[in-house]
Amino acid sequence: MSVRYGLLALLDEAPSHGYNLKTAFERRTGGSWALNIGQVYTTIQRLERDGLVESIAGAPGDDDRREYRITPTGHAQLAAWFENPVVSEAPARDELTIKVLLAVAAGDIDVTALLQRQRRASIEQLQAYTRRKAQADPERDVAFLILLDALIFRTEAEVRWLDASDARIRSLKEANR
Amino acid sequence: MSATGAIIRLARRDVGRSPWRSLLVALLILLPVMGMAWGITILATVMPDADARDTHQMGAADLIVEPGSSAAQRNALFRGETRLEPVMNSGKRLLLPGTSANVSITSRDLEGLARGTFTIVGGRQPSDPGEVAISARVAEITGASIGGHVELEGIGALIVVGTVEDPWDLNGRLVLLDASIARESSDDNAAWLVALPEGADPLPILEAASNPGPTGVPFQVNWRLGRGRLAELGGTAGAGGAPTPVVVVMGGLVLLESALVAAAAFAVSIRRRQRELGLLAAAGAEPRHLAGTVLGEGLVLGLAGAIGGVAVGLLAAAATWPFLDEITNRRNPPLVLEPVALGAAAVIGLVAALVAAAVPAWSAARMPVLLALSGRRPPSSGARRYLRLGLSVVALATVMTIGGATLSLTSSDSTLPVLLLAGGAMLGTLGFGAISPWLLERLEGLSARMPLAGRIALRDTARARSRSAPIVTAILASLAATIAIGAYGASRDAEIAANWQPWMAPDEILIEGPDAERAGPNAALAVNAVASSAIVGAANGETGYAWIDAPLARLAQPKDPPPGAPPGFGLGFSAHNVAIADEQLLRALHAEAAAADLARGAVVLLTQEAWLGLDRVSVVINDGIVDAPGVELPARVVVTGVGGGNLPQALMSAATATRFGLTAGIPYRFVLRLDHTVAEADLQGAAAASAQFPDTYADADRGPSRPDDLFRLLLVVASLLFAVTVTGIAVVLGEAESRPDQRTLLALGAEPRLRRRITAARAGVLAILAGCLAVPAGLLPVWGLLASRGADIVIPVFEIAAAVGMLPLLAIGATWILGRPIPDWSAFRSSTT
Amino acid sequence: MTTLVQLEGATRWFGAGHTQVTALHPTSLAVEAGELLAVMGPSGSGKTTLLSLVGGLDKPSAGRVIVDGKDVGSLEPKNLAILRRRTLGYVFQDLNLLAGLTARENVAIPLELDGRPIGEAKSAADAALESVGLASLGDRFPDDLSGGEQQRVAIARALVGGRRILLTDEPTGALDSITGESVMRLLRAHCDTGGTAILVTHDAAHAAWADRVVFLRDGRVVDEAQPAPSHEMTAPVGAATGSSV
């Protein structure tokens, strides 16, 4: 979803080739989001199919040489996307959540150790983000910093969820002691 | 409402949450209330009420007919069932081996109507004219005990059968004779105790006593005022033990001090509860609710202090009671409780607590909610305002002081001047105290270069204005009072010394008493007197005397003559104290140069100052009722510089006295002249030599008395103690706020003793400030008082040195010694983990 | 690399007998120059105890704590105080500043305590304030500073006089995230220029500024985290963000 709108946003600024779009996208996201060139072309084809972009030059068979530009429909949809808040899907269906839930249910798995392993991993991830943040220029790289903040806060939320789960299990154990 | 309930719960909880501060506030109220309760109870106990006075005077009788009534009058007045019993009181000399002593003798039936006037505490009362009961003091003088004998001049030896006590004078020399002696006394000597029959009307008796008719002689009747049937006739029976205004005024002053210190404690309480009050306000509490929490605390603590103070005061009075008899030299009744006065003391204490809480309560009510929630210290209003306020109050106080002093010279009623003077002094103190925030702010500017501890202390003191201002005022008040009393005392001493008139030469000792003539020679030997002589007055029969008159004499240098008056304006010389002198007496009185004049028949005049042309005087003989015409004699003036009536002012030789028919009077004085100024040891030697004569004493002129010195010293010590205590309290209160700072300093690598330095510096700031402000605050009212009557003020150097020098040293020293270092880190653990 | 802080089996217990509570079990740990170490753990896990031991505010019941080559446990109180004011800088969560002193005076305290002349201490304080971006606020009193400014003054004070070891106990606890970040940047900068800092926190985002994160639990080090050695940015893994569709 976000790649789709990311490319659309780039094309809204100026018409571009597929490969240029890939590098621009990666630059915009601070290298945190590596795109496969194939993914770029697939996305562009879908956009074209939906009438949001159109090709303006180059042979139809040569993806590398074709240049695309945004259509009025595409511009309208992009504007709508920017205006509407992003709502995450309600139930947590990610792997970690399910893993922890299953471990708690299983009973014979050391959940505390599992949580700590995950906590370490998350913090190491946070450290990596933070290092990038420390190296970023707060004036020139605002978009990048905002992206990093997004990642950091999500990961932090995860750590807090881990802490809370840990505390719950701990108090349960103490109550049963 | 539930809001009120919540607020009272909060106030109560805060009392419990900071128990030491609460205890301090309660104690501040308790101690002065205790003092008042103690004072009220002790005074009520030792000051006899009307009934006790009546009982001491007339025992169980309804009235007493004073000596002078005739048997006929009594018979006419008191008939039927009326009981009469005589009482005789007189003085006699108790004969002792080689001497005698004055004693009071009395004759009455202590088992009759006179019961309760005196008490038989051992043996029995005499039942036969040959028997007596004696007081403990008489037993001590005579060495006689029950079964022994005492000898009274003119009566003879009597058997001691009991020990009697005058409950109002435990040390008195009292001899109780048999009651029959009173019955045989003349009407002029006997008083009569009267018990009226049930239902008798006392009014005709009282009327008849004062209007005895054309032939009778009026006699005096005193009737029982304290209680009973006759009390309503008496008007002012009154409750004897009402608390004196002194107790209330002193207690009020102490409570003012307490209120100031308590106000500081409440200010700390507000500061600590600031956020909580903010939360209350945010939750919709109105200003009056917020003020209510603080006032509620004041109410709770004030009640505790007031009730506790009365209770502890009563306990203290009970503890003092066993010693009262000895101190007052009387038998005191069981403790007398004065519920109204005690209640008043408690109410004053409670009011003081509420007043102390009022200012912090007001500031709590006024604090903006957001500020309260932030926990930050409220911004202090401009210090200049305090300066203006303080100066205006001081100006008003000065006006009051000068007004009071001026009024005291012109007005006969002393209440208003005293109120003005006391109020002026108190207002002045408060005014100078109000200046302290401004001064602190000035000082703060200087602090930038101070060492860390001093700077922290000064800044904290300046910022915690609501706490430090009342503390400074409290300290300053006690010091100012001491300085004022010191200045007044010193000025009065200087005035007295300037006007001092010696009544004896500095090398003379006077022995006075019935045995002076016998004690004198012993004393003269004991102190190596260079001259000594009995002083024998010139007497004319039993009651007659001589006096010397020179109406035209003029003093060479009169004091304060009216402008333009000639020297000696309006003066004349006279002397009532004429003695018959020989050369010994002349020498002893520094008049040996006049020996030849005395011998040639002149009157020698011993005067304080030189008189102009006083070479003739007239000798006037009085026969006890009227003066005879004066007879002129030559006179010789000897200026001894000694005035007053203790020594004779005029001397004549025995031959001259005989010429006028004068005889030697009783020699009850004896003068010694030493070859040096009388020292304490000399006086004690002379006293010891006369000690065997119980009624004879030795005395000397030791110059203007300086009784104030010890008093002033005690006052200084007391006010210093108070000031140091209050400083300590203030420092402890401040410490409560400094915990986070201590933690920070410890973590920053401060050595633990830094806290001591800060503590001592805090004490120093308060003490120096209060000490310096106390000097003008103390001197101002005294200056006003003295200036209004043209007297000079003497600067009380000792008190001022104590205030500005000793107090800071003591305060710094005491807090340094008692102060504690920053505690171990573990003390702060709870606040960080 | 120089080891500035070293714990060798450092243990701290309180009380004795069956009321004995062990706040920190034997712990060994070394912090190098240039390293920012975060200590994480739930409340009561012994984080603050560990920090107090390193800070010379508390002594180990057993084991050794070596700070800048000195065995803290064997130092006299006077030398401990000297260590605190010359080598260590402490920053608490709040109430760091003496309310009666200006920002500049607060920063100058350690130097004054060390006996430096007031003038010198104050100019050093101004330099330290400038380094935390508060050069213009030296004359303000703490009550007139925002929370973030107060913490930055506290850090300036912890660093003034060239001290190398910074000990911080939840220094960002009361701050919003951007203000907290500015405080963390100061810590990071301190370590990147050769200093050392220990950060006690339970906030993962702040701990992430550290080179190494130590996890404490019930008074024991249970784990340690270090960032991936590569500086390459990798896409969020697995369920870490849930952002991919």
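**Entry 1: a bridge in chain C**

I looked up Leu7(C) and found that its bridge partner in strand 4 of chain C is Val65(C). I am reading a predicted model here. Next I wanted the two strands around this pair. Strand 1 of chain C covers residues 3–14, strand 4 covers residues 62–67, and the two pair in the antiparallel sense over five bridges.

Which sheet do they belong to? I found an open sheet of four strands in chain C, with the order 2-1-4-5 and antiparallel pairing. Its edge strands are strand 2 (21–32) and strand 5 (70–71) of chain C, each pairing on one side only. A reminder to myself: strands of a sheet pair through backbone hydrogen bonds, either parallel or antiparallel.

**Entry 2: the other sheet I checked in chain C**

I then followed an open sheet of six strands in chain C, ordered 6-7-8-3-9-10, and noted that its pairing is mixed. Why is one side of strand 6 and of strand 10 left without a neighbour in the sheet? Strand 6 (88–91) and strand 10 (220–225) of chain C stand at the edges and each has a single partner strand, so one side of each has no neighbour in the sheet. I also wrote down the twist, which averages 20 degrees from one strand to the next.

For a parallel pair, I picked strand 3 (residues 36–40) and strand 8 (residues 196–201) of chain C, which are joined over five bridges.

**Entry 3: where chain B touches chain C**

I asked how many residues each chain brings to the contact, and found 22 from chain B and 27 from chain C. On the side of chain B, helix 15 (452–463), helix 23 (739–747) and helix 26 (826–832) each supply at least two residues. By class, that side of chain B divides into nine nonpolar, five polar and eight charged residues.

**Entry 4: helices of chain B**

I counted off chain B as having 26 helices and 24 strands. Of its 833 residues, 45% count as buried.

Two packed helices are described by the angle between their axes and the distance between the axes.

Is helix 16 of chain B enclosed or open? I found 26 of its 34 residues buried, so helix 16 is largely enclosed by the rest of the structure. Helix 16 (residues 465–498) of chain B reaches 47 Å from its first C-alpha to its last, close to the 50 Å expected at 1.5 Å a residue.

**Entry 5: a look at chain A**

I finished with chain A, where I noted seven helices and three strands. From the N terminus on, its elements run α-β-α-α-β-β-α-α-α-α. Buried residues make up 23% of its 177 residues.

Notes
Residues are numbered from 1 along each chain as its sequence is written. Chains are lettered from A and ligands numbered from 1 in the order in which they are written. This is a predicted model: local features need pLDDT of at least 70, side-chain atom pairs count only at pLDDT 80 or more; totals for chains, interfaces and linings use all residues. Two strands pair if DSSP finds at least two bridges between them. Two residues are in contact if their C-beta atoms, placed from the backbone, lie within 7 Å. Ala, Val, Leu, Ile, Met, Phe, Trp, Tyr, Cys and Pro count as nonpolar, Asp, Glu, Lys and Arg as charged, and the others, Gly among them, as polar. Axes are lines fitted to C-alpha atoms, for helices over the stretch in contact, and angles run from 0 to 180 degrees between N-to-C directions. A residue is buried if 20 or more other C-beta atoms lie within 10 Å of its own, exposed if 12 or fewer, and partly exposed in between; C-beta atoms are placed from the backbone. The expected span of a helix is 1.5 Å times one less than its number of residues.
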